Amino acid sequence: MSFTQTSVYFVMISVTTWFIMLPLCPVHPSAQLGTTPNIKHIVVGRCYNYITLVNPSLRFDCEDIWRQFEESVVRQSSLNATVDYHQMFYAIPQTWPCDRCLFWSKTRRLMHSYTAVERHFWTLEDTLVGYMFNDLVWCGQEEDSGFDFGSCPAWAACRRHPVYSLWRQASQNFAEMACGNITVLLNGSISNAFNRKSMFGSVELDGLDPCRVDYVNIKVVTDLEGPLIESCSQGSVVDLIQILRSRGFRWTCTDNDETLMILQCILNPKQSSCQKCANSFSLRSSLTFN
């Protein structure tokens with residue numbers, strides 16, 4: 001197969017995969033949104049789908065998981081107190097293999113494209129809890145024992161929000177289980193690519209165990225159209241490296257990983273940087289086959 005045919009084949013597979021992917025990442029809902037309608041059916045349905053098709057080796061009671069979740073939220077409806085999901089998490093212990101954990105911050109779209117191609121990676125969204133609750137909103141009512149389907153405050157702005165509480169606990173569990181080589185994907189086109197207030201910076205980083213993690217492989221990628229604000233040698237990424245060093249982690253850092261750049265070009269093939277990339281591959285292919 002020629003290089004051109006191989007490239008076209010790779011693009012077709014990647015683009016097809018991109019369009020059939022489900023967005024599995026928590027978002028910041030508007031303060032006007034209430035609890036997601038039909039949330040019980042969605043959560044229980046996703047649970048059955050996960051243990052039947054995604055990871056059939058698991059044996060969990062999806063109805064019991066929902067009851068544990070519902071009781072946690074309803075029991076503590078006030079936003080002045082953190083919702084405790086420990087009983088639910090205790091009921092669904094899950095482990096994952098080493099060398100597969102991928103952490104990310106401000107790179108949601110690219111992260112999903114990357115994991116669709118590099119399928120050995122595991123993100124928080126690939127765990128059962130992450131799979132069940134992605135993109136859902138919920139909160140209890142102050143004066144009634146049930147969910148508030150009328151209005152919930154934006155969870156990103158409230159550390160005690162029931163949505164934030166769940167993702168914080170899930171993120172902590174995910175980080176504590178990480179082992180072997182892990183990967184961190186950061187956005188070099190924004191200031192504070194590594195933000196101590198983000199879920200990665202405030203929860204997951206602190207949960208990583210240098211005795212379990214061999215290497216932290218940082219990948220800093222910039223948008224094709226720029227700007228190039230941060231890199232392995234400048235900006236907040238340097239702060240991250242210093243923290244890793246102080247805690248005894250071994251690490252690597254790569255700017256604009258080739259695979260990540262190619263994936264961006266698949267979505268934006270007319271960018272000038274993509275033309276340069278294509279010319280570079282053509283030259284490399286010519287040298288290889290001659």
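## Pairing of S1 and S2

Strands S1 and S2 pair in the parallel sense over four bridges, where two strands are said to pair if DSSP finds at least two bridges between them, and where strands (E, at least two residues) and helices (H or I, at least four residues) are DSSP runs numbered from the N terminus. Within this pairing, serine 105 stands opposite leucine 186 in S2. This is a predicted model, in which local features need pLDDT of at least 70 and side-chain atom pairs count only at pLDDT 80 or more, while totals for chains, interfaces and linings use all residues. Residues are numbered from 1 along each chain as its sequence is written, and side-chain values use heavy atoms, with hydrogens and water left out.

## The sheet as a whole

S1 and S2 belong to an open sheet of four strands, which has the order S1-S2-S3-S4 and parallel pairing. Its edge strands are S1 (102-105) and S4 (250-255), each of which pairs on one side only. Direction ignored, neighbouring strands of this sheet are turned by 20° against each other on average, with axes taken as lines fitted to C-alpha atoms, for helices over the stretch in contact, and angles running from 0 to 180 degrees between N-to-C directions.

Strand S2 (residues 180-187) is joined to strand S3 (residues 213-221) by eight bridges, and the two run parallel. Along this pairing, asparagine 181 stands opposite tyrosine 215 in S3, isoleucine 182 faces valine 216 in S3, and asparagine 187 is opposite valine 221 in S3. Seven of the eight residues of S2 are buried, so S2 is largely enclosed by the rest of the structure; buried means under 20% relative accessible area, exposed over 50%, and partly exposed in between, with a 1.4 Å probe and protein chains only. Strand S3 is also largely enclosed by the rest of the structure, because seven of its nine residues are buried.

## Helices H5 and H10

Helix H5 (residues 108-117) packs against helix H10 (residues 258-267) at an angle of about 110°, with their axes 10 Å apart. That makes H5 roughly perpendicular to H10, given that angles of 65 to 115 degrees count as roughly perpendicular, under 35 as roughly parallel, over 145 as roughly antiparallel and the rest as oblique. Where the two helices meet, Arg109, Leu110, Ser113, Tyr114 and Val117 in H5 are in contact with Thr259, Leu260, Leu263, Gln264 and Leu267 in H10, contact meaning heavy atoms within 4.5 Å.

Seven of the 10 residues of H5 are buried, so this helix is largely enclosed by the rest of the structure. The buried residues of H5 include Leu110, Ser113 and Tyr114, and these three also take part in the contact with H10.

## Aromatic pairs

A search of the whole structure finds 15 aromatic pairs, in which rings of Phe, Tyr and Trp (its six-membered ring) pair if their centres lie within 6.5 Å, planes under 30 degrees apart counting as stacked, over 60 as edge-to-face and the rest as tilted. One of them is the stacked pair of phenylalanine 69 and tyrosine 85, with 6.1 Å centre to centre and 10° between the planes. Phenylalanine 69 lies in helix H3 (residues 62-75) and tyrosine 85 in the loop between H3 and helix H4 (86-91), so the pair ties together parts that are 16 residues apart in sequence.

Both phenylalanine 69 and tyrosine 85 are buried.
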